[in-house]
Amino acid sequence: MAIRERWAAVLAGLSLVLLPAALPGGTPGGPSLLPPAQAEQPQGQAKPVLRIGAIPDQKPEKLNRLYPLVAAELERQLGVQVTYVPVVDYTAAVTAFRTGDLDLVWFGGLTGVQARLQKPGAQVLAQRDIDVAFHSIFIANTGSGLKQIRDVKGLTELKGKRFTFGSESSTSGRLMPQYFLAKGGVKLADFAGGAPGFSGSHDTTIALVQSGAYDAGVVNEQVWRTSLRDGRANRAKVFAIWRTPGYPDYHWIGQPNLDQRFGKGFSRKLQGAIISWRTTNPQQKQILTLFGAQQFSKSTAANYKQIELVGRQIGKIR
Amino acid sequence: MAEAPAREPGQPSPGLGAPSHDLPWLELSQITVPGRGRPRLDRVSLAIGGGERVALLGPSGAGKSSLLAVANGLLRPSSGSLRWLGAPPARSGRPRRRQQARIGTLWQDLRLIEELSVQQNLNSARLAAWGWPRALLNLLWAVDTAANREALAQVDLGAELLAQPVSALSGGQRQRVAIARLLRQDPELLLADEPLASLDPRLAAELLQLLLNQVTPRRALLLSLHRPDLLAGFDRAIGLRQGQVLFDQPACSIGPADLEALYGGDQPGFGP
Amino acid sequence: MIGLGLPAVIRSKLRNAWTGRVWTGGNPNGTKTGLNWPTGIAAPLAMVAPALVLIPVLGLLPGLVHGGGFDLLAEFIQAAFSPSLDPLVLGSALKGLGTTVGIALLGWAASVLLGLVLALASSRQVWTSCCGHVWPANLLRRLLALPRSIHELLWGLLLLQVVGLQPAVAIAAIAIPYGALVARVLGDQLDGLPSGALAALRCSGVPAPQALLTALGPPLLPGLLSYGGYRLECALRSATLLGVFGLGGLGTELKLCLQSLQFHELWTGLWLLLAVMLLLETGLGGLRRRWLMPRRLGLGSPSSGSPRLEPGAAQGSGSGRALAAWAPAGPGLASPNPARPWPLPSSPLAPESGAGHRDQGRAPRPDSLGRRGREMVLALVVIMPLLVWLARAMGVHPLGLLHWQPLPNLGAASWASVLALPWPQLVGTTLLLTLVAAALAVGLAPLLLLVIAPWPWARPLLQLAWALARLWPPPLSALLLLLLLKPGLVTAALALGFHNLGVLGRLLLEASDDCPAPAELALKGAGVGPRLALLYGRYSGLARSYLAYGAYRADVILRESVVVGLVGAAGLGTQLLESLSSFAWDQLLALLVVYALLTLVGEDLSDRARHWLLAPT
């Protein structure tokens, strides 16, 4: 008996130690760790890989559906290997871009500015049609006593309520809403508890406001519409109280050294590929639908001056 | 928790198998406890009545400790029946605890709670009768000081010890405190497992006398003894050998022949 | 004197107990109790007293609950019974688990190595016998306090900024603070070893390295292995937590699942993680018993057993002596009094108490020492190539850590804005959060054990609940709690307290199972109910070492308070995450310094509390 017990203990220890070995895949490089080959990618090697990423502003399953499609499409169009590397939060996306772990990233307005400031020479490549004038939606729990409001002044109703933003670095979920709140005379300390919450993503904001954890919150319009459509947002529990004026938001940003690594004119080719997507092509239509856009268009850094200004004002850009 | 009626020392215990003088305080019949090889107890039967002082004799491994463990309910025999004051051990928790509260055990290692004061230790004997409020109060406050002082006086200790931590006491003081705790419990059946084993002769004799003095008509004592020379104060002696009762007779009638039969070759010396 | 450095809640309770007591007599005999703990404060009460924090917490709770989240919570609980078995989900959870276990193992191995080297380098004994000076050891000790004071999560996030996203980051994040901790514990142990053997060897002309190895190696080994095993368990928890913040592995998946409210997928990962954690804990426990290592946290250090019995006890059991001599003296690790013999089963009146059998089971057989050595070597032989293979499979390039990316130069630091942060409020909230969480964890564990004492069937349930609590990274509990509670300090404290309750509860249970409590049996034998018998008979003996460990845990909680920052209004942690997302290096630096200072002070206070609690009476 005693001997069996001992062996059981030893076996347990051993099997535990061996567990990683027994796992499928061989490379236990989890979802957000870079596959080993990419950790260091010597320049001038025969086949460089284009690593694309995105700020995780939505449900991971949606990101995991969308970006592999994007990778496949770009791979087809450009003839280079493209992989999608998921990251877990906004800050990590900016950092990964700065440290050169991501080549092409779908950034929000604020994170895009942060990324470009940290990586001089980074190029703004394209934005969606809807990003020219993007909107945020203030939402409220039906039990909160809040009503729809007419203009920015109406935001004072939110004083004393429990309020949540999305991610700290979200443009539509934090930066611009905070800007409009300030315009309406609401300071962050005016919320119940002396500070707003940060749910981390738009989907979570909707879930938390719907559950009543927060009286109100703010999300990006596109996510809000999708949630209403697929029923994840329950109109009986959560409703929109105000739509902000438009501001520029999401955009694709590429590393400064793309041409060096992938050949002369690569960034131009990349930009051309993205803006060439049309709803007439079934593959591209799927991508555009998931992006909630009709098509992409060229964009430049100048479009995001306003965001940078607001970012500095609020202290998210320094 | 157990809200057994708080019985004050000295009063006859009410309820459940109240002692009537024809019922034995402790009755074991055909008790068997299995062991490795031979049984630790082999069909042991005995009965002890109120006011009796009974010594349990026998060589090491004879089953004295097992018998006492069966008697205080810690060890469940594989067969045979046990009765306390005429009633079999209750199965459910509360009645069972009420029965146990009437059995006091003097442990060889005393089992005092080292971290608590003498007062708190003495009061711990009343926990079976007390509810939570009093049990907690005992940890914060001096509870029942008068009763404790009296208990200490009975074992020749001064009340100034009450506030002392048990760990600060001398060996002899600890023994006495343990007995005082038994007095606070006020059991009807007193069990003691070789309480004198590690004491010097003078202290052993004193303590034995103290224990024997506690026996009243409504209280019985069963004490396992490793020194037949101390039999003097007992009414009866039971000899246990290899898990079986060898003899059960008045203590005064025990002779060298009985002891020779009990201990075989290795008879313990009559005192140092 | 009382409770110097104890959490204030405990302290005030203790003081109440102290002053509230009526002295029924002086101390006429002038007994040796310099510390009046045994009489002044009832030990068993002190143990559950921290649970009094429940009163204000429960009082505040109704105001914090909002109606909305019950549906979601019900969904969450239902999902526990129907985790997703989709091969895709399962596959990615297993993959994530592999990464987490890999990070934990590699980080742990690196930390033990690092710790061992640093322990030698910071040992006064080693320096004295090698070159006769002590100051390098003292200097290194001071320096080591810094890496220790910063939570592994912060190390992870900082390294991420400096060297980019690579597998080695998570591993280094664990290895650095853990290494410093191991170094401290082992260093203390080294210096706590009797120096006689070493001096004797040196006198007979043995060179320093050999002498050190011979004199200090064998006595140090069991402590090293025991503490190392404990650290491996911690490393698994840390690796999961790092994942929650995006450093890879299962934690990342758990967080993403929770954020998108996919509870079935969430439970797939949770159950897998639970299985691995329990396997690890059982495996390590088995090894610990097999190799006769001291119990991790000398909880239940000897206190019963009268002085009179001691001589007999000491000669009675070789294992008792050996165990006591091995008792490590690290954080929360044991009584500082290795001379005390182990409590022994002494009354034959309790033949089934089990204590006797257990101790007999522990007595080393003559051949066990050699066998143990062989097995240890075997284990090392198995683990080494495995670690190398793991590192390769995960693509860990330690040299990659030297590839520093320049930090972006984002304008001059604006110290005015740093000063403008609401420091007193940040620090105050952090401290309050720590105290409430610590009191909850420390007080609830014994209280819950008391509550379930009469019901044997409830024990496995409680153990399962505690295992889940340990498993759940606090930020995830916090997110989950947000479905029910309004954000704020209490919510954060509950999340943090819940996690640590899992850790403390297990230790308490282990300690209380390991340590025979004859007094408890005696009380039961006298008809006392199971709860009161536990409180009086067992908790009395456990109180000191348990509270001492609690003091250590409070120190850990202070460090950990950063991880619940995302609940909002949780002090320095919240501000830290905000500054990080703004890439405000100046604020970040200031916050780190303040955090490090706080934890250093906290560590010092907790040390004092432990020494006071464990001081021999």
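In the predicted model, Asn138(B) touches Gln120(B), Asn123(B), Ser124(B), Trp130(B), Val143(B) and Tyr536(C), residues up to four places away in sequence being left out of this list. The residue belongs to helix 4 of chain B, which covers residues 132-140. Asn138(B) counts as buried because its relative accessibility is 0%.

Chain B, to which Asn138(B) belongs, contains eight helices and nine strands. Of its 272 residues, 59% are buried. The accessible surface of this chain amounts to about 10300 Å², and carbon and sulfur atoms account for 53% of that area. When contacts in chain B between residues at least 6 apart in sequence are considered, 68% of them join residues at least 24 apart.

Six strands of chain B form an open sheet with mixed pairing, in the order 5-6-7-3-8-9. Its edges are strand 5 (103-106) and strand 9 (244-250), each of which pairs on one side only. On average, neighbouring strands of this sheet are turned by 15° against each other, direction ignored. Within the sheet, strand 3 (residues 53-57) and strand 7 (residues 220-224) of chain B run parallel and are joined by four bridges. Leu56(B) stands opposite Ser224(B), a residue of strand 7. Helix 6 of chain B, comprising residues 171-185, lies across strand 5 and strand 6 (189-193), and runs at about 180° to strand 5.

A salt bridge is also found beside these elements of chain B, linking Glu188(B) with Arg102(B); the closest N and O atoms are 2.9 Å apart. Glu188(B) lies in the loop between helix 6 and strand 6, and Arg102(B) in the loop between helix 2 (93-100) and strand 5, so the pair ties together parts of chain B that are 86 residues apart in sequence. Both Glu188(B) and Arg102(B) are buried.

Another open sheet of chain B consists of three strands in the order 2-1-4, with antiparallel pairing. Strand 2 (41-48) and strand 4 (79-84) are its edge strands, each pairing on one side only. From one strand to the next, the twist averages 10°. Strand 1 (residues 26-33) runs antiparallel to strand 4 of chain B, and five bridges join the two. Leu28(B) has Leu82(B), in strand 4, as its bridge partner. Helix 1 of chain B (residues 64-71) lies across strand 1, strand 2 and strand 4, and its direction makes an angle of about 60° with strand 2.

Chain A has twelve helices and eleven strands. Among contacts in chain A with a separation of 6 or more, 77% involve residues 24 or more positions apart.

Over all chains, a search of the whole structure finds 44 salt bridges. One of the pairs is formed by Glu308(A) and Lys305(A), whose closest N and O atoms are 3.7 Å apart. These two residues lie three residues apart in helix 12 (residues 305-314) of chain A, a spacing of about one turn of the helix. Glu308(A) is buried, as its relative accessible area is 12%, whereas Lys305(A) is exposed, with a relative accessible area of 55%.

A further salt bridge joins Glu578(C) to Lys316(A), with the closest N and O atoms 3.1 Å apart. This pair crosses between chains: Glu578(C) is in helix 26 (residues 572-581) of chain C, and Lys316(A) is in the segment after helix 12 of chain A. Glu578(C) counts as buried because its relative accessibility is 16%. Lys316(A) is likewise buried, with a relative accessible area of 1%.

On chain C, Trp415(C), Leu589(C), Val593(C) and Leu597(C) make a nonpolar surface patch of about 410 Å². The most is contributed by helix 27 (residues 585-614) of chain C, which gives three residues to the patch. Trp415(C), for its part, is found in helix 19 (residues 415-419) of chain C. Because its relative accessibility is 47%, Trp415(C) counts as partly exposed.

Technical notes. Residues numbered from 1 in each chain as written. Chains lettered and ligands numbered in written order. Predicted model: local features only at pLDDT ≥ 70, side-chain atom pairs only at ≥ 80, totals over all residues. Heavy atoms only, no water. Buried < 20%, exposed > 50% of the residue type's maximum accessible area, 1.4 Å probe, protein only. Contact = heavy atoms within 4.5 Å. Areas by Shrake-Rupley, 256 points an atom, 1.4 Å probe, with all protein chains shown as cover. Pairing = 2+ DSSP bridges. Axes fitted to C-alpha atoms, helices over the stretch in contact; angles between N-to-C directions. Patch = residues over 30% accessible without salt bridge, like charges linked within 9 Å, V, L, I, M, F, W, Y side chains within 5 Å. Salt bridge = Lys/Arg side-chain N within 4 Å of Asp/Glu carboxyl O.
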